[in-house]
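The sequence and structure are shown first.

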Amino acid sequence: MVDKFTCAVVFLFLLSIIVFSQQPAKTSQEKTKIYLEYADEQIYDEDIEKDRILLMGNVVFRHDSSFMYCDSAYLYNQTNTLEAFSRVRMEQGDTLFVFGDYLHYDGNTRIAKLRYKVRMESIQPDTSIITLFTDSLNYNREEDIGYYFEGGMIVDAENELTSLYGQYSPGTKLAVFNDNVQLDNPKFVLNSDTLHYHTETKIATILGPSVIVSDSSTVHSSRGWYDTHNNTSLLLDRSQVYTGNRVLIGDSIRYDRDAGFGETFGNIFMHDTLEKVILTGHYGYYDEKTEFAFATDSARCIEFSQGDTLYIHADTFQLVKIDSTAREVKAFHHVRFYRFDIQGVCDSLQFNTKDSVLYMYTAPVLWNEQYQLFGDTIVIFMKDSTVDHVHVIQFAFAIEALDSSYYNQLKGSDLIAWFEGKEVRSIDVSGNAESIYYPFEADGSKIGLNETKSPYLRMTLKDNKLDQLSLWSESQGKMTPIPDLQPDQKLLKGFYWYDYLRPLDPDDIFRNVQTKTEDIPQRSNRFNFSQ
């Protein structure tokens, strides 16, 4: 059996459940009364207005935890509202203070409407003050948000932000700005269409077309964030950073203004308008202080300081500053380049914009018209926007394609090809010079194959045809008629025809083509630029 005490406890427990279940649930919008705490004088005349009390002199109201002060006011008990005039002040705890000349406050909705010379001060945990200035401010105590709609300004220790529309939440420390937004910082000015600003972290979130201007750079962005305290940012949606004569564009940019460092991801575009160099790729960075640029991943360099534009593709590019007017372009691995008058492939390349000299290292091959040059190292000298001469160092080989079966060939330790316009004018070969060339009859038929060997050789050309061949110091040679030619006579030792590697146009530099195993000559490669 259950004792009487246990029954009583069960009864009281069930009764408490019934009682509490019948209590109405409290809501965040539960209405509470506005209380008049003090006034020097109260005037009530029901003939004038039944639900209005006129209060004058040191008026104090309380609503929940908020206090409101003014010189005079109207209190409407029936509607639970008030109007306050002159030297209006609202206090919410010891962290939020709002000042103005006029206040309309609704105790039911907890919305305060302040007008004329309004100032909202929010005390931060570090005792710093966030101040909002405007002439028209609505403050929703329920949501802890104040907003202006006829122009206003928010000021903290580091920044001053103005806009036509804005709102600020003292609780979340988040400010929202729209329409003609301007953020003034001692180091830069940010103009935007839409901006969010966190008063504690000092981070401005860009949500609309924006321009950031400083003494060293200009930034265009429509989405991203800017840490105004640390001067760092992450810019999205093809943002642009302009520094002097250079522009940096990418799908996303990480930019450190103090360090002068920009890092770009996705479809990057780095343009030096002074040096006339463009770098593209999918990753890159730029150091403003050293003026060093880097690009990789489908990287391309476009150099247009000369008459013809030079298009280069490589795994990696570096742009190094030489002086105030010149740069060095370095390309590493799987290099392919195209210019109207010359094309080439190699493992590593270097181009100096000051003296217009291009260096090709490690298995370089160069083409001009019907000529192919290759060797251990190739150096190309530019003059007046055209190629002046090409120097092939160590194991030099020059080939002129007559047709698919016959090739004029020159070979030696060192070779220099001199250009006139876009055509080869003469070729000098020194050190174990060997040649194979086919002289022609007047009707264009081949006479035979002429083979020569000498320490030195000079070949001059006219209208892309052999005009004169000079040999000196113990030369030897022989002529073999075409019908008597044997297949092994037609090619010098070390002959390779790399035409399948040749870039055909500016876009063809991205073609992935590998050298055939049988076409890889065993050479010293002692000038390995990539190491």
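## Basis and burial

Buried means under 20% relative accessible area, exposed over 50% and partly exposed in between, with a 1.4 Å probe and protein chains only. The model is predicted, so that local features need pLDDT of at least 70 and side-chain atom pairs count only at pLDDT 80 or more, while totals for chains, interfaces and linings use all residues. Residues are numbered from 1 along each chain as its sequence is written, and side-chain values use heavy atoms, with hydrogens and water left out.

Glu83 has a relative accessible area of 18% and is therefore buried; this residue lies in strand E5 (residues 81-92), strands being DSSP runs of at least two residues. Beyond its neighbours within four places in sequence, Glu83 is in contact (heavy atoms within 4.5 Å) with residues including Tyr74, Tyr102 and His104.

## Salt bridges

The whole structure holds 27 salt bridges, each defined as a side-chain nitrogen of Lys or Arg within 4 Å of a carboxyl oxygen of Asp or Glu. In one of them Lys202 meets Asp156 at 3.1 Å, N to O, and both residues are buried.

Asp215 and Arg257 are likewise joined, at 2.7 Å from N to O; Asp215 is exposed, with a relative accessible area of 73%, whereas Arg257 counts as buried at 13%.

Asp428 and Arg458 form a salt bridge whose closest N and O atoms are 2.6 Å apart. Because Asp428 lies in strand E33 (residues 423-437) and Arg458 in strand E34, the pair ties together parts 30 residues apart in sequence.

Conventions. Helix = DSSP H or I, 4+ residues; strand = E, 2+ residues; numbered from the N terminus.
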